[in-house]
Amino acid sequence: MAKRITDRKEDYSQWYLDVIKEAQLAEHSPVRGCMVIRPTGYAIWENMKSALDQMFKDTGHENAYFPLFIPKSFLSKEAQHVEGFAKECAVITHSRLRSVEGGVEVDPNSKLDEELIVRPTSETIIWDSYRNWIQSYRDLPILINQWANVVRWEMRTRLFLRTMEFLWQEGHTAHATKEEAVEEAERMLEVYRTFAEEFMAMPVITGTKSESERFAGAIDTYCIEALMQDGKALQAGTSHFLGQNFAKAFDVKFQDQDGEHKYVWATSWGVSTRLIGGLIMTHSDDNGLVIPPKLAPVQLVVVPIYRGDDQRKLVLEYAQPIIDSIKAKGISVKLDNRDNFKPGWKFAEHEAKGIPLRIAIGPRDVENNNLELARRDTLEKSIVPSAGIAEYVEELLDTIQNDLFKAAKKRMDDNTREVNSYEEFQIEIEKGGFIYAHWDGTAETEEKIKEETKATIRCITVIEDPQPGTCMVSGKPSEQKVLFARSY
RNA sequence: CGGGGAGUAGCGCAGCCCGGUAGCGCAUUCGCUUUGGGAGCGAAGGGUCGCAGGUUCAAAUCCUGUCUCCCCGACCA
């Protein structure tokens, strides 16, 4: 058997790249750091989008679209924000090419008066619009989301996890009160947690970011953090309470019921195609991709097995009503009736592509009114009667979805530890995983830990009964343990 | 953006040191036999060797530049 995918234990990065290639999710483009998302990868993104989009609408949001280009002057309005993004902006300086011998060149006569920035995020262009949309408390809240691409000029890229251009959604809301805005940021964090756990079957830890990890321009950044199979953490989604920073930068005020003019309160929140990277690294194995049923573009594949045309006809006729009955349940089914591949080859291919369930039907099954059912997650095969198969498959897909979550949750729990000294921390962090430890709350200590161990504070979790202690590094008082990990 | 490695057919690679006009496996096309875990035999097609210059009678091979990928750092969703 030709082994196309590197084992995880041998070379985790190579494994990740091999899985993407074999599942045909994406490939590199001629442009550094950019990717071509292939149909299978894009179908997963579409499934993520439609689930999230529904959740956004269920929480009162509407979609809109703002421009790709942002006037340079807008970027300089919010100081923290500029500082955060200035180093990674693509700048448009000219508007034309002209023909020269052997090709084209930038036409120097087309230099723009004001250069345009390709959006790294859209707070500035959106808040410029909000200024015109908001006059009275009756105009609030504004609850808008947009699905878009953004560009960040990254130095080091990895497919899905960090690309120069990526697809995402960004929610931008405006509120009359601080309480309402905080509530919104927390609500959307909860939407992300629900999505990650219920659709992606990816358990996450929620909390807030330390000052150094916070979004540029935010008062508070809430996040969901997931733990990958190699013990590294992945920031999977963020929700920001922006305070009045952007309202002040763009002069967005409203007249309240008391007649006073007040600055509005803001949030923004987003998840990106990075989630696909998280999905891959949460469930997949040495045979390739594993996709939870709720996000799988194809949930079940049927592979007919036969010798000669007579058997082929017999098997396909037997399979058709089975396929129809499963489809009637709203399950997406693909019949792989290609005649130029043998069953074994198809099995391997569908495993590499992560299709959750496989049915194989051969003459023996036709004779006995059976079929062979194989689970992608456990690789278990069983012979089951074809009667009532649609109900059985429906339940089994639910079971797989739940089992994937349980397995991922167990792995996260097994790799989450608490330490009480810096010595212990340095030993434990080498093993990977989430580590809870006391921290004095200062950026200096955080920086020292990062330099010495490459670990960062992933989030400050909300704990019902926080146990005070002393910082493992400085010995100063600490209100509670916070979550550390090495991260992507 | 710094250090290291790489780019030859769709994929994986050899050839490069020592220059002589490109090869292997898989895949593809056709035919026959096959089909319960990556099938066999036969025939065929496919590459201006990442790109651009240079040296040379002659460049995949030597030199210069450049683009892209991988790993490690600094920066970040």
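Trainee: Which residues are the closest to RNA strand B?

Mentor: First, this is a predicted model, where local features need pLDDT of at least 70, side-chain atom pairs count only at pLDDT 80 or more, and totals for chains, interfaces and linings use all residues. Residues are numbered from 1 along each chain as its sequence is written, while chains are lettered from A and ligands numbered from 1 in the order in which they are written. A residue is near a strand if its C-beta atom, placed from the backbone, lies within 6 Å of it. On that basis 47 residues surround RNA strand B, and the closest are Ser13, Arg32, Gly344, Gly362 and Arg364.

Trainee: Which element gives the most to the surface near RNA strand B?

Mentor: Elements here are DSSP runs numbered from the N terminus: helices are H or I with at least four residues, strands are E with at least two. α1 (12-22), α10 (343-352), α11 (363-368) and β20 (370-375) each supply at least two residues of that surface. The biggest giver, with 8 residues, is α10.

Trainee: How many residues of that surface are charged?

Mentor: Ala, Val, Leu, Ile, Met, Phe, Trp, Tyr, Cys and Pro count as nonpolar, Asp, Glu, Lys and Arg as charged, and the others, Gly among them, as polar. With those classes, the surface near RNA strand B has 19 nonpolar and 11 polar residues, and the charged ones number 17.

Trainee: How many residues of β17 are buried?

Mentor: Buried takes 20 or more other C-beta atoms within 10 Å of a residue's own, exposed 12 or fewer, and partly exposed is in between, with C-beta atoms placed from the backbone. In a regular strand the side chains alternate between the two faces of the sheet. For β17, Leu300, Val302 and Pro304 are buried on one side, and Val301 and Val303 on the other. So strand β17 (residues 300-304) is mostly covered, and its buried count is 5 of 5.

Trainee: Which residue in β19 stands opposite valine 302?

Mentor: Two strands pair if DSSP finds at least two bridges between them. β17 pairs in the parallel sense with strand β19 (residues 357-361) over 5 bridges, and 3 bridges join β17 to β18 (residues 333-335), also parallel. In β19, the residue opposite valine 302 is isoleucine 359.

Trainee: Why does lysine 409 count as partly exposed?

Mentor: Lysine 409 lies in helix α12 (residues 389-414). It counts as partly exposed because its C-beta neighbours inside 10 Å number 16.
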